[in-house]
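Morning, everyone. Let's get the structure up on the screen, and then I'll walk through it.

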Amino acid sequence: MTRKGGDVVNLQRASPKVEPNRVKSDAYKTAGVDTFEADAGVGDLIRVLRRTWPAEGLGRVVLPPDVRFFANVIDIDGIGIALCTDGVGSKAIVASLMGKYDTIGIDCVAMNVNDMICVGAQPVSMVDYLAIEEANAEMIREIGVGLSQGASQARISISGGETAELSETVNGFDLAGMSVGRVDLDEVLTGRDVADGDVVIGVASSGIHSNGLTLARKVLIEDGAGANGVDRWFDDLDCTVGEELLRPTDIYVVEALEILRDVSGVKALINITSEGLLNLTRIESSVSFNIEHLMEPPSAVFQLIQDLAKVSDGEMFKVFNMGIGFCYVVTSEAAEQTLAILDAHGRNAQRIGYASGDGRQLVRIPEKNLVGYRKTFSKDGGVARKVG
């Protein structure tokens with residue numbers, strides 16, 4: 001795992017390929033996160049670490065690194081054990097500024113288990129790593145409260161962890177976790193069967209979740225706001241900036257496992273994190289996706305960030321979930337049953353688009369005249385020229 005500007009890129013979620021003609025200046029990079037540079041380094045790291053992978057026998061790594069799966073699976077005597085790791089990124093800074101630590105643990109659990117279900121695995125347990133600048137018993141207790149609540153929502157245990165006091169290297173605190181789950185080896189979900197005409201169902205996010213916080217903090221808290229930026233009030237939010245940004249990430253595990261168990265025709269599960277809807281292409285199939293019906297965001301926070309930072313639609317859809325926290329790709333016949341289960345669990349969900357079997361791995365958003373390719377959204381014509 002590597003960190004750049006407070007946001008995390010891990011081995012399964014980083015791409016070893018970097019666009020040579022990428023735009024070198026954008027609001028997210030200016031705020032302190034150069035995702036392209038981070039991915040270049042992680043790509044090299046993956047190539048080195050892949051040498052440790054046994055080709056067969058105990059511990060065989062099931063999923064190859066050339067597709068950016070959300071988690072990986074190892075073979076333990078015929079049993080599929082899923083593994084993934086992630087952290088809360090610079091959302092920890094918001095918690096520190098507010099002196100409120102009892103929800104950040106929910107985010108830590110969510111960032112792990114929402115990734116794990118994307119390979120079809122049932123999350124079972126998790127360990128956490130808490131690095132702190134200085135010991136603070138009440139802060140540690142509150143973080144534990146959030147971890148416990150997140151574990152309850154995901155129906156997993158927190159089976160261990162580590163707390164490190166690192167005054168010379170940590171400013172405030174950092175929180176990350178590693179989760180383990182179980183999946184039958186013949187049921188590992190890779191999206192290899194996604195085909196032309198399959199339906200994309202979007203599930204609403206609770207807000208910004210735990211990605212893009214470096215840009216969000218700079219725009220909403222730091223720029224011109226002084227030390228009390230977390231207390232800024234916008235009528236459109238109906239709460240303070242700090243309260244909005246600290247809103248916990250939704251955990252989608254329970255309904256996802258029911259859908260995997262009961263619905264025939266589930267092709268892929270996609271966690272919409274950093275890179276937004278570009279995550280749809282993190283599957284084995286080379287299809288494109290046409291997003292024809294964007295969901296109304298549950299909060300005005302995205303529009304506020306865009307207006308204040310004066311950034312393009314393309315950058316907003318690259319950095320943020322824009323109101324869609326999770327996606328299912330299913331056959332057209334399975335769509336209604338999937339939506340019914342989501343509705344029964346209180347999720348705001350709808351059909352947002354479909355797969356297109358053109359082999360180009362694009363994400364098209366006609367409403368915004370955007371086409372996404374690899375790690376970038378651009379206006380339609382620009383991407384069309386790039387990919388030919």
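Is arginine 247 buried, partly exposed or exposed? Arginine 247 is partly exposed, at 33% relative accessibility. On cut-offs: buried is under 20% relative accessible area, exposed is over 50%, and partly exposed is in between, with a 1.4 Å probe and protein chains only.

Two notes before I go on. This is a predicted model, where local features need pLDDT of at least 70 and side-chain atom pairs count only at pLDDT 80 or more, while totals for chains, interfaces and linings use all residues. Residues are numbered from 1 along each chain as its sequence is written, and side-chain values use heavy atoms, with hydrogens and water left out.

Back to arginine 247. Its side chain meets that of glutamate 244 in a salt bridge, at 2.8 Å from N to O. The term means a side-chain nitrogen of Lys or Arg within 4 Å of a carboxyl oxygen of Asp or Glu. Glutamate 244 is buried, at 2% relative accessibility. By this rule, the count of salt bridges is 16.

Next pair: glutamate 336 and arginine 351. Their side chains form a salt bridge too, at 2.9 Å between N and O. Glutamate 336 sits in helix H11 (residues 335–344) and arginine 351 in strand E15, so this pair ties together parts that are 15 residues apart in sequence. Helices (H or I, at least four residues) and strands (E, at least two) are DSSP runs, numbered from the N terminus. Glutamate 336 is exposed, with a relative accessible area of 52%. Arginine 351 is partly exposed, at 35%. Separately, salt bridges with shared partners link Arg68, Glu275 and Lys375 into one network.

One more pair. Glutamate 138 bridges to arginine 141, with the closest N and O atoms 3.0 Å apart. Why are these two separated by about one helical turn? Because they are three residues apart in helix H5 (residues 137–154). Glutamate 138 is partly exposed, with a relative accessible area of 40%. Arginine 141 is also partly exposed, at 47%.

Now the interior. In soluble globular proteins, nonpolar side chains tend to be buried together. A nonpolar core here is a set of buried Ala, Val, Leu, Ile, Met, Phe, Trp, Tyr and Cys residues joined through side-chain atoms within 4.5 Å. How many residues are in the largest one? Take tyrosine 328. Leaving out residues up to four places away in sequence, its contacts (heavy atoms within 4.5 Å) include Val199, Tyr252, Ile259, Leu269 and Leu342. Glu255 and Thr338 are also among them. Another core, of twelve residues, lies apart; Phe69, Ala82, Val119 and Val183 are among its members.

Last stop: the loops. Strands E17 and E18 run antiparallel and are joined by four bridges. DSSP has to find at least two bridges for two strands to pair. Valine 371 stands opposite serine 378 in E18. The hairpin has two residues between its strands, and arginine 374 takes a positive phi near 55 degrees there. Arginine 374 is not a glycine. It is partly exposed, with a relative accessible area of 34%.

Find glutamine 361 in the loop between strand E15 (349–356) and strand E16 (362–365). Glutamine 361 is partly exposed, at 32% relative accessible area.
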